[in-house]
Amino acid sequence: MARSLRDALRVSPGTVDLAALDAGATPLAPGGKRKTAAAMADEGAELSHLQEALYASGGRRVLVVLQGMDTSGKGGVIEHVMGLVNPQGVHIRSFKRPTDEELRHHFLWRVRRALPDPGMIGIFDRSHYEDVLVVRVHGLAPPEIVDKRYAEIARFEAGLVDLGYALVKCFLHISYDEQRERLLARLADPDKHWKFNEGDLAERKRWADYQEAYRIALERCSTDPAPWYAVPADRKWYRDWAIARLLLETLREIDPHFPRPQLDVPRLTAALAPPN
């Protein structure tokens, strides 16, 4: 039995079979939807405390990478999971189509510029993996260039770990049928129409190509220093709890402590006493 959720969801080195991963599974969940939501709220207090200690210490850095197909819930995770902690200690960066300036540099250039400062939790809504996912599926770079990028990414991430970063790389694994239901739900709600992009339908037609691209990325870039976690994402309540739990387990391992400055507490307390 897995000792932790990180153990349960970790993508082991070797062959990855995405078809064998159940996107509707709920490994190690405290219970059903209501019980898991209650557990998430309870664990949120500890998560908030540890995040505050991390921020106050100004030491280690945490980088959460969110990758997944359209509608897999990257935005939902940011809202519901990061909403548990003080936003002052969180840095969110969304990676969209590269700008002309970014294209003039190495593909990791824009990623290095977005890394979180000491004491911060950084969130990447998509990431450097776009350059071996979208680029691979759409043939935006020669195959030999894409092939070299996996090793570059692994070296880059190992270097971050050596510098004291803790990486939490989450692949939000949604099923083909569930994606269809979420796209239909957007069409059915006028208030969600702004989230609907017809380009998502074109990308959906490349589902098999994307699954293959994700398989290769997971196989080649889930390493001991920076493993991938395959998070079942068909059930939103489980997805959110799982990522909050992965982050909590990571912060517990870091074990940040509040600074203890040398203060003359009696003198300072006396200075705050009301006037006679």
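Predicted model: local features only at pLDDT ≥ 70, side-chain atom pairs only at ≥ 80, totals over all residues.
Local features require pLDDT of at least 70 and side-chain atom pairs pLDDT 80 or more, while totals for chains, interfaces and linings use all residues. Residues are numbered from 1 along each chain as its sequence is written, and side-chain values use heavy atoms, with hydrogens and water left out.

Zero disulfides are present, a disulfide being a pair of cysteine sulfur atoms within 2.5 Å. The cysteine sulfur nearest to that of C170 belongs to C221, 15 Å away. C170 is buried, with 0% relative accessibility, where buried denotes under 20% relative accessible area, exposed over 50% and partly exposed in between (1.4 Å probe, protein chains only). C221 is likewise buried, at 0%.

Six aromatic pairs were found in the whole structure; rings of Phe, Tyr and Trp (its six-membered ring) pair if their centres lie within 6.5 Å, and planes under 30 degrees apart count as stacked, over 60 as edge-to-face and the rest as tilted. The rings of Y129 and W228 are edge-to-face, with centres 4.8 Å apart and planes at 70°. This pair links distant parts of the chain, 99 residues apart: Y129 lies in the loop between β3 (121-125) and α6 (130-137), and W228 in strand β5 (residues 228-232). Helices (H or I, at least four residues) and strands (E, at least two) are DSSP runs, numbered from the N terminus. Y129 is buried at 0% relative accessible area, and W228 at 2%.

Ring pairs also join W237, Y238 and W241 into a cluster.
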